[in-house]
Amino acid sequence: MSDSALAAVKETLKSQVIETPSWGYGNSGTRFKVFAQPGVPRDPYEKLDDAAQVHRYTGIAPVVSLHIPWDRVEDYQRLADHARERGVRIGMINANVFQDDDYKLGSVTHPDPKVRRKATDHLLECVDVMDATGSDALKLWFSDGTNYPGQDDITARQDRLAEALAEVYGRLGDGQRMVLEYKFFEPAFYATDVPDWGTSYAHCLKLGEKATVCVDTGHHAPGTNIEFIVAFLLREKKLGAFDFNSRFFADDDLMVGAADPFQLFRILHEVTKNGGLDPARDVRFMLDQCHNIEAKIPAVIRSVMNVQEATAKALLVDLEALSAAQREGDVLAANAALMDAYNTDVRPLLAEVREEMGLDADPYRAYLASGNQKRIAAERVGGQQAGWGA
Ligand code: PSV
Ligand code: MN
(Lines give C-alpha, C1' and ligand atoms only; values in the text may rest on other atoms or scores of the structure.)
(Ligands and ions follow the chains in the order given, each with its own letter.)
Protein backbone atom coordinates (compact mmCIF):
# COMPACT_ATOMS: atom_id res chain seq x y z
CA MET A 1 0.00 0.00 0.00
CA SER A 2 1.37 3.47 -0.93
CA ASP A 3 2.17 6.04 1.75
CA SER A 4 -0.71 8.24 0.68
CA ALA A 5 -3.15 5.32 0.72
CA LEU A 6 -1.97 4.37 4.19
CA ALA A 7 -2.36 7.97 5.37
CA ALA A 8 -5.94 7.93 4.04
CA VAL A 9 -6.65 4.69 5.93
CA LYS A 10 -5.33 6.30 9.11
CA GLU A 11 -7.47 9.39 8.64
CA THR A 12 -10.57 7.23 8.18
CA LEU A 13 -9.75 5.30 11.35
CA LYS A 14 -9.27 8.52 13.30
CA SER A 15 -12.66 9.84 12.24
CA GLN A 16 -14.59 6.63 12.93
CA VAL A 17 -17.43 7.05 15.45
CA ILE A 18 -18.77 4.21 17.59
CA GLU A 19 -21.81 4.75 19.77
CA THR A 20 -21.96 2.95 23.12
CA PRO A 21 -25.17 1.92 24.92
CA SER A 22 -26.02 3.41 28.31
CA TRP A 23 -27.39 0.00 29.35
CA GLY A 24 -24.04 -1.68 28.66
CA TYR A 25 -22.69 0.02 31.79
CA GLY A 26 -25.41 -1.28 34.10
CA ASN A 27 -25.79 -4.67 35.70
CA SER A 28 -27.28 -7.31 33.46
CA GLY A 29 -27.74 -11.05 33.36
CA THR A 30 -30.00 -13.77 32.19
CA ARG A 31 -33.38 -14.87 33.55
CA PHE A 32 -31.36 -17.10 35.87
CA LYS A 33 -29.23 -14.50 37.63
CA VAL A 34 -28.03 -10.93 37.47
CA PHE A 35 -24.55 -10.70 39.00
CA ALA A 36 -23.99 -7.29 40.57
CA GLN A 37 -20.58 -5.67 40.08
CA PRO A 38 -18.93 -3.04 42.27
CA GLY A 39 -18.83 0.51 40.89
CA VAL A 40 -21.76 0.10 38.53
CA PRO A 41 -23.59 3.39 37.78
CA ARG A 42 -26.62 4.28 39.84
CA ASP A 43 -28.18 6.72 37.43
CA PRO A 44 -27.95 7.93 33.82
CA TYR A 45 -25.39 10.59 34.81
CA GLU A 46 -22.97 7.95 36.07
CA LYS A 47 -23.58 5.88 32.94
CA LEU A 48 -22.44 8.87 30.90
CA ASP A 49 -19.37 9.19 33.13
CA ASP A 50 -18.49 5.59 32.23
CA ALA A 51 -19.09 6.16 28.55
CA ALA A 52 -16.78 9.17 28.78
CA GLN A 53 -14.05 6.88 30.12
CA VAL A 54 -14.43 4.64 27.07
CA HIS A 55 -14.11 7.66 24.79
CA ARG A 56 -11.17 9.04 26.74
CA TYR A 57 -9.09 5.91 26.08
CA THR A 58 -10.32 4.90 22.62
CA GLY A 59 -10.84 8.38 21.13
CA ILE A 60 -13.60 7.10 18.83
CA ALA A 61 -16.62 6.61 21.12
CA PRO A 62 -18.00 10.11 21.69
CA VAL A 63 -21.69 9.19 21.37
CA VAL A 64 -23.96 7.43 23.88
CA SER A 65 -27.34 5.85 23.16
CA LEU A 66 -30.07 6.23 25.77
CA HIS A 67 -32.93 3.84 26.49
CA ILE A 68 -36.19 5.37 27.73
CA PRO A 69 -37.52 4.83 30.41
CA TRP A 70 -34.31 3.22 31.76
CA ASP A 71 -32.60 6.60 31.39
CA ARG A 72 -35.54 8.78 32.32
CA VAL A 73 -34.47 11.95 34.19
CA GLU A 74 -36.20 15.11 35.33
CA ASP A 75 -34.10 17.40 33.20
CA TYR A 76 -32.88 16.07 29.85
CA GLN A 77 -31.16 19.33 29.01
CA ARG A 78 -29.06 18.88 32.14
CA LEU A 79 -28.25 15.30 31.14
CA ALA A 80 -27.12 16.47 27.69
CA ASP A 81 -24.99 19.20 29.33
CA HIS A 82 -23.48 16.60 31.67
CA ALA A 83 -22.50 14.52 28.63
CA ARG A 84 -21.01 17.49 26.81
CA GLU A 85 -18.96 18.53 29.87
CA ARG A 86 -17.41 15.06 29.80
CA GLY A 87 -16.63 15.14 26.10
CA VAL A 88 -19.45 12.91 24.87
CA ARG A 89 -22.91 13.55 23.43
CA ILE A 90 -26.30 11.87 23.37
CA GLY A 91 -26.88 9.63 20.39
CA MET A 92 -29.90 7.58 19.48
CA ILE A 93 -32.92 7.43 21.75
CA ASN A 94 -34.06 3.81 22.09
CA ALA A 95 -37.76 3.45 22.75
CA ASN A 96 -39.00 0.78 25.13
CA VAL A 97 -42.47 -0.65 24.62
CA PHE A 98 -41.68 -4.12 25.87
CA GLN A 99 -41.65 -3.95 29.65
CA ASP A 100 -45.16 -3.10 30.70
CA ASP A 101 -47.91 -5.56 31.58
CA ASP A 102 -50.15 -3.84 29.04
CA TYR A 103 -47.85 -5.06 26.27
CA LYS A 104 -48.44 -8.77 26.83
CA LEU A 105 -50.19 -9.05 23.46
CA GLY A 106 -48.12 -6.38 21.77
CA SER A 107 -47.56 -2.64 21.84
CA VAL A 108 -48.26 -0.76 18.60
CA THR A 109 -49.75 -3.93 17.09
CA HIS A 110 -51.89 -4.81 20.13
CA PRO A 111 -55.52 -5.63 19.27
CA ASP A 112 -56.74 -3.01 21.79
CA PRO A 113 -56.55 0.56 20.45
CA LYS A 114 -56.02 1.92 24.02
CA VAL A 115 -52.79 -0.06 24.36
CA ARG A 116 -51.69 0.99 20.89
CA ARG A 117 -52.31 4.62 21.88
CA LYS A 118 -50.22 4.21 25.02
CA ALA A 119 -47.35 2.66 23.05
CA THR A 120 -47.42 5.29 20.33
CA ASP A 121 -47.50 8.02 22.97
CA HIS A 122 -44.31 6.57 24.43
CA LEU A 123 -42.66 6.73 21.01
CA LEU A 124 -43.74 10.36 20.70
CA GLU A 125 -42.33 11.02 24.19
CA CYS A 126 -39.01 9.66 22.91
CA VAL A 127 -39.06 12.29 20.16
CA ASP A 128 -39.57 14.90 22.92
CA VAL A 129 -36.45 13.48 24.58
CA MET A 130 -34.64 13.85 21.27
CA ASP A 131 -35.67 17.50 21.13
CA ALA A 132 -34.45 18.10 24.68
CA THR A 133 -31.13 16.27 24.36
CA GLY A 134 -30.28 17.24 20.78
CA SER A 135 -30.43 13.60 19.69
CA ASP A 136 -31.19 13.22 16.00
CA ALA A 137 -32.26 9.58 15.78
CA LEU A 138 -35.01 7.44 17.26
CA LYS A 139 -34.40 3.71 17.46
CA LEU A 140 -37.44 1.49 17.37
CA TRP A 141 -37.52 -2.15 18.28
CA PHE A 142 -40.81 -3.91 18.93
CA SER A 143 -41.15 -7.12 20.87
CA ASP A 144 -44.58 -7.44 19.25
CA GLY A 145 -45.65 -10.76 17.85
CA THR A 146 -47.67 -13.87 18.60
CA ASN A 147 -46.90 -17.19 20.23
CA TYR A 148 -49.56 -19.38 18.67
CA PRO A 149 -50.97 -19.81 15.17
CA GLY A 150 -54.30 -18.02 15.00
CA GLN A 151 -53.59 -15.91 18.08
CA ASP A 152 -54.05 -12.70 16.08
CA ASP A 153 -54.37 -11.56 12.50
CA ILE A 154 -50.89 -11.19 10.99
CA THR A 155 -52.07 -8.73 8.32
CA ALA A 156 -54.04 -6.57 10.77
CA ARG A 157 -50.96 -6.35 12.96
CA GLN A 158 -48.96 -5.05 10.00
CA ASP A 159 -51.66 -2.40 9.39
CA ARG A 160 -51.49 -1.30 13.03
CA LEU A 161 -47.71 -1.17 12.91
CA ALA A 162 -47.77 0.94 9.74
CA GLU A 163 -50.27 3.35 11.31
CA ALA A 164 -48.17 3.89 14.45
CA LEU A 165 -44.96 4.28 12.48
CA ALA A 166 -46.57 6.86 10.21
CA GLU A 167 -47.75 8.90 13.19
CA VAL A 168 -44.29 8.92 14.78
CA TYR A 169 -42.62 9.61 11.45
CA GLY A 170 -44.86 12.66 11.05
CA ARG A 171 -43.70 13.98 14.42
CA LEU A 172 -39.98 13.92 13.49
CA GLY A 173 -38.48 17.35 13.13
CA ASP A 174 -36.03 18.60 10.53
CA GLY A 175 -32.76 16.77 10.95
CA GLN A 176 -34.38 13.97 12.96
CA ARG A 177 -34.81 10.42 11.72
CA MET A 178 -35.86 6.96 12.84
CA VAL A 179 -34.31 3.54 12.49
CA LEU A 180 -36.41 0.37 12.62
CA GLU A 181 -34.78 -2.73 14.08
CA TYR A 182 -35.86 -6.29 13.28
CA LYS A 183 -35.50 -9.54 15.17
CA PHE A 184 -36.62 -12.95 13.99
CA PHE A 185 -37.84 -14.34 17.31
CA GLU A 186 -38.07 -13.67 21.03
CA PRO A 187 -40.00 -12.77 23.05
CA ALA A 188 -42.62 -13.84 20.50
CA PHE A 189 -42.01 -17.37 19.31
CA TYR A 190 -44.49 -17.98 16.49
CA ALA A 191 -44.61 -14.76 14.46
CA THR A 192 -42.70 -11.57 15.18
CA ASP A 193 -44.18 -8.41 13.66
CA VAL A 194 -40.83 -7.06 12.40
CA PRO A 195 -38.92 -10.32 11.98
CA ASP A 196 -36.44 -9.46 9.26
CA TRP A 197 -34.73 -6.74 7.26
CA GLY A 198 -37.24 -7.09 4.43
CA THR A 199 -40.17 -6.21 6.68
CA SER A 200 -38.28 -3.28 8.17
CA TYR A 201 -37.17 -2.14 4.71
CA ALA A 202 -40.71 -2.28 3.30
CA HIS A 203 -42.07 -0.13 6.15
CA CYS A 204 -39.18 2.32 5.89
CA LEU A 205 -39.60 2.63 2.15
CA LYS A 206 -43.26 3.61 2.56
CA LEU A 207 -42.47 6.04 5.38
CA GLY A 208 -39.87 8.05 3.50
CA GLU A 209 -36.23 8.98 3.54
CA LYS A 210 -36.09 9.70 7.27
CA ALA A 211 -36.74 6.01 8.01
CA THR A 212 -33.96 3.45 7.65
CA VAL A 213 -33.18 -0.08 8.80
CA CYS A 214 -31.20 -1.00 11.91
CA VAL A 215 -29.20 -4.24 11.65
CA ASP A 216 -28.63 -5.87 15.03
CA THR A 217 -26.02 -8.52 14.31
CA GLY A 218 -27.52 -10.85 16.94
CA HIS A 219 -30.98 -10.90 15.37
CA HIS A 220 -30.57 -13.44 12.59
CA ALA A 221 -31.04 -17.15 12.17
CA PRO A 222 -27.78 -19.11 12.24
CA GLY A 223 -26.04 -19.03 8.89
CA THR A 224 -27.69 -15.81 7.68
CA ASN A 225 -25.38 -13.85 5.40
CA ILE A 226 -25.48 -10.53 7.24
CA GLU A 227 -22.97 -8.85 4.93
CA PHE A 228 -25.35 -9.42 2.01
CA ILE A 229 -28.07 -7.55 3.93
CA VAL A 230 -25.61 -4.74 4.67
CA ALA A 231 -24.52 -4.46 1.03
CA PHE A 232 -28.13 -4.47 -0.18
CA LEU A 233 -29.28 -1.82 2.28
CA LEU A 234 -26.32 0.43 1.58
CA ARG A 235 -27.04 0.18 -2.14
CA GLU A 236 -30.63 1.23 -1.46
CA LYS A 237 -29.53 4.01 0.94
CA LYS A 238 -31.61 2.36 3.64
CA LEU A 239 -28.97 1.23 6.13
CA GLY A 240 -29.46 3.46 9.18
CA ALA A 241 -27.62 1.80 12.02
CA PHE A 242 -25.92 -1.22 13.45
CA ASP A 243 -26.51 -2.75 16.84
CA PHE A 244 -23.24 -4.64 17.12
CA ASN A 245 -22.83 -7.67 19.36
CA SER A 246 -21.88 -11.34 19.08
CA ARG A 247 -24.01 -14.41 19.20
CA PHE A 248 -23.25 -18.08 19.52
CA PHE A 249 -26.83 -19.29 19.86
CA ALA A 250 -29.52 -16.58 19.92
CA ASP A 251 -29.59 -12.92 20.98
CA ASP A 252 -26.56 -13.49 23.21
CA ASP A 253 -25.43 -9.82 23.32
CA LEU A 254 -21.78 -10.79 23.81
CA MET A 255 -18.93 -8.48 22.86
CA VAL A 256 -18.84 -7.69 19.15
CA GLY A 257 -16.12 -9.61 17.34
CA ALA A 258 -15.82 -12.16 20.14
CA ALA A 259 -17.70 -15.04 18.54
CA ASP A 260 -16.89 -14.51 14.88
CA PRO A 261 -14.34 -11.78 14.06
CA PHE A 262 -14.31 -12.94 10.43
CA GLN A 263 -18.02 -12.19 10.09
CA LEU A 264 -17.42 -8.74 11.55
CA PHE A 265 -14.65 -8.19 8.99
CA ARG A 266 -16.94 -9.30 6.15
CA ILE A 267 -19.62 -6.89 7.33
CA LEU A 268 -17.14 -4.03 7.58
CA HIS A 269 -15.72 -4.85 4.17
CA GLU A 270 -19.18 -4.22 2.70
CA VAL A 271 -19.46 -1.06 4.79
CA THR A 272 -16.10 0.40 3.73
CA LYS A 273 -16.38 -0.67 0.08
CA ASN A 274 -19.87 0.79 -0.28
CA GLY A 275 -19.30 4.17 1.36
CA GLY A 276 -20.84 3.27 4.71
CA LEU A 277 -18.18 5.15 6.66
CA ASP A 278 -18.85 8.38 4.78
CA PRO A 279 -20.30 10.78 7.41
CA ALA A 280 -22.77 11.96 4.77
CA ARG A 281 -24.37 8.50 4.79
CA ASP A 282 -24.86 8.84 8.55
CA VAL A 283 -24.81 5.12 9.35
CA ARG A 284 -24.65 4.67 13.14
CA PHE A 285 -22.25 2.10 14.51
CA MET A 286 -23.68 1.27 17.89
CA LEU A 287 -22.94 -1.49 20.36
CA ASP A 288 -25.99 -3.24 21.79
CA GLN A 289 -24.38 -5.46 24.37
CA CYS A 290 -24.73 -6.61 27.94
CA HIS A 291 -21.72 -7.51 30.05
CA ASN A 292 -23.08 -10.08 32.45
CA ILE A 293 -19.88 -11.57 33.87
CA GLU A 294 -17.08 -9.31 32.64
CA ALA A 295 -16.12 -5.84 33.88
CA LYS A 296 -18.22 -3.36 31.96
CA ILE A 297 -16.02 -0.40 31.01
CA PRO A 298 -13.09 -2.64 29.95
CA ALA A 299 -15.55 -4.79 27.97
CA VAL A 300 -16.90 -1.77 26.12
CA ILE A 301 -13.33 -0.59 25.42
CA ARG A 302 -12.45 -4.05 24.08
CA SER A 303 -15.60 -4.02 21.92
CA VAL A 304 -14.75 -0.63 20.43
CA MET A 305 -11.25 -1.95 19.69
CA ASN A 306 -12.72 -5.05 18.03
CA VAL A 307 -14.82 -2.92 15.67
CA GLN A 308 -11.80 -0.71 15.03
CA GLU A 309 -9.60 -3.72 14.18
CA ALA A 310 -12.19 -5.15 11.79
CA THR A 311 -12.54 -1.72 10.17
CA ALA A 312 -8.77 -1.38 9.76
CA LYS A 313 -8.58 -4.80 8.10
CA ALA A 314 -11.49 -3.91 5.83
CA LEU A 315 -9.75 -0.68 4.83
CA LEU A 316 -6.63 -2.67 3.90
CA VAL A 317 -8.46 -4.73 1.27
CA ASP A 318 -6.82 -4.06 -2.10
CA LEU A 319 -10.00 -3.07 -3.92
CA GLU A 320 -8.27 -2.75 -7.28
CA ALA A 321 -6.83 -6.24 -7.08
CA LEU A 322 -10.17 -7.52 -5.83
CA SER A 323 -12.18 -6.04 -8.65
CA ALA A 324 -9.61 -7.11 -11.28
CA ALA A 325 -9.84 -10.68 -9.99
CA GLN A 326 -13.63 -10.47 -9.98
CA ARG A 327 -13.72 -9.17 -13.57
CA GLU A 328 -11.43 -11.98 -14.69
CA GLY A 329 -13.47 -14.56 -12.85
CA ASP A 330 -10.41 -15.50 -10.81
CA VAL A 331 -12.23 -16.88 -7.81
CA LEU A 332 -9.16 -17.76 -5.79
CA ALA A 333 -7.36 -14.45 -6.37
CA ALA A 334 -10.52 -12.54 -5.38
CA ASN A 335 -10.89 -14.56 -2.22
CA ALA A 336 -7.16 -14.12 -1.48
CA ALA A 337 -7.53 -10.32 -1.75
CA LEU A 338 -10.00 -10.46 1.14
CA MET A 339 -8.07 -13.03 3.16
CA ASP A 340 -4.77 -11.14 2.85
CA ALA A 341 -6.41 -8.13 4.49
CA TYR A 342 -8.19 -10.22 7.10
CA ASN A 343 -4.98 -11.99 8.06
CA THR A 344 -3.03 -8.76 8.50
CA ASP A 345 -2.10 -7.92 12.09
CA VAL A 346 -3.43 -4.35 12.28
CA ARG A 347 -2.55 -3.81 15.93
CA PRO A 348 0.73 -1.96 15.17
CA LEU A 349 -1.14 0.30 12.70
CA LEU A 350 -3.81 1.07 15.28
CA ALA A 351 -1.17 1.76 17.92
CA GLU A 352 0.31 4.38 15.56
CA VAL A 353 -3.12 5.84 14.85
CA ARG A 354 -3.81 6.20 18.57
CA GLU A 355 -0.45 7.76 19.31
CA GLU A 356 -1.01 10.26 16.51
CA MET A 357 -4.34 11.07 18.21
CA GLY A 358 -2.53 11.70 21.49
CA LEU A 359 -3.85 8.48 23.04
CA ASP A 360 -2.17 5.54 24.67
CA ALA A 361 -1.34 2.83 22.11
CA ASP A 362 -3.32 0.30 24.14
CA PRO A 363 -6.61 1.75 25.43
CA TYR A 364 -7.52 -1.39 27.33
CA ARG A 365 -4.31 -1.51 29.38
CA ALA A 366 -4.24 2.26 29.82
CA TYR A 367 -7.73 2.18 31.30
CA LEU A 368 -6.87 -0.66 33.67
CA ALA A 369 -3.76 1.24 34.81
CA SER A 370 -5.75 4.46 35.36
CA GLY A 371 -7.23 3.33 38.67
CA ASN A 372 -10.73 4.41 37.57
CA GLN A 373 -12.17 0.99 38.28
CA LYS A 374 -11.05 1.15 41.91
CA ARG A 375 -12.21 4.74 42.26
CA ILE A 376 -15.77 4.07 41.08
CA ALA A 377 -16.00 0.94 43.23
CA ALA A 378 -15.07 3.07 46.27
CA GLU A 379 -17.23 6.07 45.40
CA ARG A 380 -20.39 4.45 44.14
CA VAL A 381 -21.72 2.95 47.30
CA GLY A 382 -25.33 3.22 48.39
CA GLY A 383 -28.19 3.86 46.04
CA GLN A 384 -29.62 1.51 43.49
CA GLN A 385 -27.30 0.17 40.81
CA ALA A 386 -28.59 0.53 37.27
CA GLY A 387 -29.62 -2.65 35.55
CA TRP A 388 -31.01 -3.80 32.22
CA GLY A 389 -34.66 -3.12 32.62
CA ALA A 390 -34.36 -0.69 35.52
C1 PSV B 1 -33.83 -6.33 21.44
O2 PSV B 1 -33.33 -7.62 21.63
C3 PSV B 1 -32.72 -5.30 21.43
O4 PSV B 1 -31.71 -5.68 20.52
C5 PSV B 1 -33.25 -3.92 21.11
O6 PSV B 1 -32.27 -3.15 20.47
C7 PSV B 1 -33.48 -3.39 22.47
O8 PSV B 1 -33.71 -2.03 22.55
C9 PSV B 1 -32.19 -3.86 23.12
O10 PSV B 1 -32.11 -5.20 22.69
C11 PSV B 1 -32.07 -3.76 24.57
O12 PSV B 1 -30.86 -4.34 24.98
MN1 MN C 1 -30.62 -4.27 19.39
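This is a predicted model: local features need pLDDT of at least 70, side-chain atom pairs count only at pLDDT 80 or more; totals for chains, interfaces and linings use all residues.
Ligand 1 sits in the largest pocket, and the residues around ligand 1 are Trp 23, His 67, Trp 141, Glu 181, Lys 183, Asp 216, His 219, Asp 243, Asp 251, Asp 288 and Trp 388. Sorted by class, this shell holds six charged residues, together with three nonpolar and two polar ones. Taken alone, ligand 1 exposes 310 Å², of which the protein buries 97%.

Rolling a probe the size of a water molecule over the atoms shows where empty space is left. The largest pocket has a volume of about 1,200 Å³, and of the 44 residues that line this pocket, Trp 141, Lys 183, Glu 186, Asp 251 and Trp 388 are the closest to its centre. Among these, Trp 141, Lys 183, Asp 251 and Trp 388 also belong to the residues around ligand 1. The strands β3 (89–95), β4 (137–140) and β5 (145–146) each contribute at least two residues to the lining of the pocket, and the lining as a whole divides into 16 nonpolar, 13 polar and 15 charged residues.

How many cavities of 30 Å³ or more does a search of the whole structure find? The search finds one, and the largest cavity has a volume of about 60 Å³. Its lining is made up of Tyr 25, Gln 37, Pro 38, Gly 39, Val 40, Pro 41, Asp 50, Lys 296, Ile 297, Gln 373 and Ile 376, with at least two residues supplied by each of the helices α9 (296–315) and α14 (372–379). By class, six residues of this lining are nonpolar, three are polar and two are charged.

The backbone deserves a separate look. Most residues other than glycine have a negative phi, and most peptide bonds are trans. Against that background, the peptide bond from Ile 68 to Pro 69 is cis, with omega near 20 degrees, and Pro 69 is found in the loop that runs between β2 (63–68) and α3 (76–85). A cis peptide bond also joins Glu 186 and Pro 187, where omega is about 5 degrees, and Pro 187 is found in the loop between β6 (177–181) and β7 (191–192). Glu 186, which lies in that loop between β6 and β7, has a phi near 75 degrees, a positive value in a residue other than glycine.

Methods: Residues are numbered from 1 along each chain as its sequence is written. Chains are lettered from A and ligands numbered from 1 in the order in which they are written. Side-chain values use heavy atoms; hydrogens and water are left out. A residue is near a molecule or strand if one of its heavy atoms lies within 4 Å of it. Accessible areas come from the Shrake-Rupley method with a 1.4 Å probe; for residues, only the protein chains shown count as cover. On a 1 Å grid over the protein atoms alone, a cavity is a set of points where a 1.4 Å probe fits but cannot get out, and a pocket is an open set with protein on both sides within 12 Å along at least five of seven lines; lining residues have an atom within 4 Å of a point. A molecule sits in a cavity or pocket if more than half of its atoms lie within 2 Å of its grid points. Ala, Val, Leu, Ile, Met, Phe, Trp, Tyr, Cys and Pro count as nonpolar, Asp, Glu, Lys and Arg as charged, and the others, Gly among them, as polar. Grid points are joined across faces, edges and corners, and a volume is the space filled by probe spheres set on the points. Helices (H or I, at least four residues) and strands (E, at least two) are DSSP runs, numbered from the N terminus.
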